[in-house]
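Subject: Structure handover

Hi,

Here is the structure I promised you. Please have a look, then read my notes below.

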Amino acid sequence: MNDTTYDALKIENQLCFPLYACSKEVIKQYKPYLDEIDLTYTQYIAMMVLWEKKTLNVKELGECLFLDSGTLTPLLKKMEAKGLLTRRRSPEDERNLIVSITEKGEQLKEKAVAIPEQMKKCSMLEPVETAVLYQLLYKILGRLRTVK
């Protein structure tokens with residue numbers, strides 16, 4: 001008799017495992033490109049938000065990146081030390097920390113612009129497959145965000 005009681009605990013039956021492993025491997029593929037511009041992956045995604053929004057508070061940045069302030073604070077301090085951004089208290093509400101991109105941070109955008117195209121080559125997915133995967137992952141993220 002085949003006992004399936006513990007099948008749910010097999011790693012091949014976990015959606016979380018291929019998501020985790022794939023994320024780890026994709027981030028590893030970014031490393032040589034990010035090393036060239038002296039950013040970690042987390043710093044890179046923070047810069048992508050700043051290149052788009054220019055200024056926002058830490059809470060908004062955290063929501064965009066799915067990161068908490070405990071993770072963002074040391075990250076932003078290091079990026080500020082590199083001259084990529086500034087952090088200042090909001091004059092309206094001192095509890096709000098405002099993050100703004102600097103001119104040096106803006107200039108880094110020119111060096112980073114080729115990275116997404118290089119990464120497309122790594123995925124080995126057809127454009128339609130990439131679009132479907134993107135849509136599914138954001139569907140999961142959207143649902144998980146409402147579960148909190």
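A charge counts as sitting over a ring if NZ of Lys or CZ of Arg is within 6 Å of the ring centre and within 35 degrees of the ring normal. R145 does this: its charged end sits over the ring of F66, 4.0 Å from the centre. Bear in mind that this is a predicted model.

Three bridges join strand 1 to strand 3 (residues 97–101). N57 has I98 of strand 3 as its bridge partner.

Next, the aromatics. There are six aromatic pairs. In one of them, Y41 and Y44 have ring centres 6.4 Å apart and planes at 55°, so the pair is tilted. These two are three residues apart in helix 2, about one helical turn. Y41 is partly exposed at 26% relative accessible area, while Y44 is buried at 2%. Ring pairs also link Y30, Y41, Y44 and W51 into a cluster.

Helix 2 (residues 41–53) holds Q43 too. Q43 is buried, at 4% relative accessibility. Beyond its neighbours within four places in sequence, Q43 contacts D38, L75, K78, M79 and K82.

Best wishes

Definitions and conventions: Residues are numbered from 1 along each chain as its sequence is written. This is a predicted model: local features need pLDDT of at least 70, side-chain atom pairs count only at pLDDT 80 or more; totals for chains, interfaces and linings use all residues. Side-chain values use heavy atoms; hydrogens and water are left out. Two strands pair if DSSP finds at least two bridges between them. Helices (H or I, at least four residues) and strands (E, at least two) are DSSP runs, numbered from the N terminus. Buried means under 20% relative accessible area, exposed over 50%, partly exposed in between (1.4 Å probe, protein chains only). Contact means heavy atoms within 4.5 Å. Rings of Phe, Tyr and Trp (its six-membered ring) pair if their centres lie within 6.5 Å; planes under 30 degrees apart count as stacked, over 60 as edge-to-face and the rest as tilted.
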